[in-house]
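This briefing gathers notes on aromatic packing, charged side chains, a helix face and several loop residues. Please read it alongside the sequence and the model shown here.

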Amino acid sequence: MRINAFTFADKETNWEIERISFKSLTLLVGASGVGKTRILKSLIGLKNIAKGRSQNGVSWAVDFSIGPDNYQWEGLFDYHERGFFSSIAEDEADETSATDKPVVLHEKITLGETVIAERKETQLTFQGVRSPVPIRAEQSMLALIPDESIKIIERSFRAIFYSDYTNSADGPRQMQLLDDKTFNKYKTIDAIRNSDEDLLTKLYWTYRKDKKTFNRIKNDFTAVFPQVENLKLEPLESLKETEAPFFLKAAPFIQFRELGNSNWIPVMGMSAGMYRTLIHIMELHLSAEGTVILIDEFENSLGVNCIDELTTEMKGAVGRIQFIITSHHPYIINSISTANWKIVTREGGRVRAQDAETFNIGRSKHEAFIQLLNLPAYTTGHV
């Protein structure tokens with residue numbers, strides 16, 4: 001999938017994102033607090049809606065492509081007045097267990113000029129035929145209609161991935177044991193890329209069954225960190241003769257070995273920058289074609305050597321994967337064409353993202369970056 005453009009409004013928080021168009025690589029730049037992260041989180045909101053979650057007071061309209069087909073999906077949830085703590089409790093609750101969730105007032109899916117499905121509350125029309133059975137009012141049609149023409153859309157929105165490993169504690173470092181049934185159901189690297197397995201499970205499958213792809217991941221990692229000689233995913237030797245629980249002793253851990261050192265170091269010994277670099281490399285190699293990766297403050301926890309290499313790797317994956325990223329780092333901003341910039345500003349709760357050419361940003365990289373630094377819309381967040 002490729003997201004071409006979207007609008008999003010949240011009545012509960014009084015945020016509204018004006019229509020933003022995206023390319024295969026889009027860099028969101030702007031002052032802190034203008035809504036760059038809000039844009040990414042709103043895209044994740046679309047994923048949650050597609051999965052069947054109710055979203056209080058939210059309305060949206062998104063244009064997207066799956067292969068050669070162009071779609072539009074729009075909708076509106078009703079609004080429930082809630083206190084701060086009750087809204088947190090509802091957000092954290094299992095979406096299938098709540099009884100008083102906001103309902104979908106209107107929703108429509110269009111392929112080109114043809115309406116595939118449309119609903120008003122519990123009344124649904126699919127492919128021109130009205131359903132005789134009322135549908136669940138609090139869930140999107142994407143989660144309710146089993147037809148493959150809708151499931152392909154639902155799966156595509158599930159492939160939006162929010163990548164945020166801003167410190168060493170973020171993201172799991174221990175992977176679960178794979179039973180034989182799970183491990184053996186994937187026969188090819190494309191099958192594991194297209195699966196719903198988490199990233200660490202994908203890496204372990206690749207380590208066990210596709211050494212060629214794993215070695216590419218390892219080589220990209222050692223290119224950034226030349227002091228690292230090797231990587232493996234195996235149970236920890238240090239736990240074998242201990243009284244640790246079986247699931248811990250048998251679980252595979254990422255381990256690395258440095259030049260001149262015969263000891264394998266478990267993943268817990270990786271710095272934040274090393275771990276985040278490895279995660280991003282894994283994403284590039286193990287994400288399915290059509291994945292949309294959202295990265296907030298790409299430079300967080302990364303050294304200059306990591307930023308350089310990862311930016312190059314990311315740009316090389318553009319086309320197979322769509323990237324929507326935010327950054328304040330000069331190297332990243334300078335290395336991405338101004339044609340891919342979106343300068344984000346905010347007035348109250350209204351967020352706008354405009355092309356660099358709107359502000360007459362120069363074409364040369366040096367000139368463009370200097371102009372950006374001196375642009376009031378960038379420094380203040382207001383037009």
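Tyr-207 and Phe-214 are both buried, and in this predicted model their ring centres lie 4.9 Å apart with the planes at 70°, so the two form an edge-to-face pair. The charged end of Lys-211 sits over each of these rings, 3.6 Å from the centre in the case of Tyr-207 and 5.9 Å from the centre in the case of Phe-214.

- Across the whole structure, the search for aromatic pairs returns nine of them.

**A buried lysine without a salt bridge**

- Lys-202, which belongs to helix H7 (residues 199-209), is buried but takes part in no salt bridge.
- The nearest side chain of opposite charge to Lys-202 is that of Asp-196, at a distance of 7.3 Å.
- Once neighbours within four places in sequence are set aside, the contacts of Lys-202 are Ile-192, Arg-193, Ser-195, Glu-197 and Leu-286.

**Buried loop residues**

- Tyr-186 is placed in the loop that runs between helix H5 (180-184) and helix H6 (189-193), and with a relative accessible area of 10% it is buried.
- Leaving out residues up to four places away in sequence, Tyr-186 touches Ala-191, Ile-192, Ser-195, Glu-197, Trp-205 and Lys-209; for Trp-205, the separation from Tyr-186 is 19 residues in sequence and 8.4 Å in space, taken from C-alpha to C-alpha.
- Asn-56 occupies the loop between helix H1 (36-50) and strand S4 (58-66), where a relative accessible area of 7% makes it buried.
- Beyond residues up to four places away in sequence, Asn-56 is in touch with Asp-10, Glu-12, Asp-78, Tyr-79, His-80, Arg-82 and Pro-102.
- Asn-56 and Thr-13 are 43 residues apart in sequence, while their C-alpha atoms are 9.8 Å apart in space.

**Loop residues with positive phi**

- Glu-121, although not a glycine, has a positive phi of about 55°; the residue lies in the loop between strand S7 (114-120) and strand S8 (123-126), and its relative accessible area of 39% makes it partly exposed.
- Asn-360, likewise a residue other than glycine, has a positive phi near 55°; it is found in the loop between strand S17 (350-355) and helix H13 (365-373), and at 65% relative accessibility it counts as exposed.

Technical notes. Residues numbered from 1 in each chain as written. Predicted model: local features only at pLDDT ≥ 70, side-chain atom pairs only at ≥ 80, totals over all residues. Heavy atoms only, no water. Phe/Tyr/Trp six-rings, centres within 6.5 Å; stacked < 30°, edge-to-face > 60°. Buried < 20%, exposed > 50% of the residue type's maximum accessible area, 1.4 Å probe, protein only. Lys NZ or Arg CZ within 6 Å of the ring centre and 35° of its normal. Helix = DSSP H or I, 4+ residues; strand = E, 2+ residues; numbered from the N terminus. Lys, Arg positive; Asp, Glu negative; His and termini not counted. Salt bridge = Lys/Arg side-chain N within 4 Å of Asp/Glu carboxyl O. Contact = heavy atoms within 4.5 Å.
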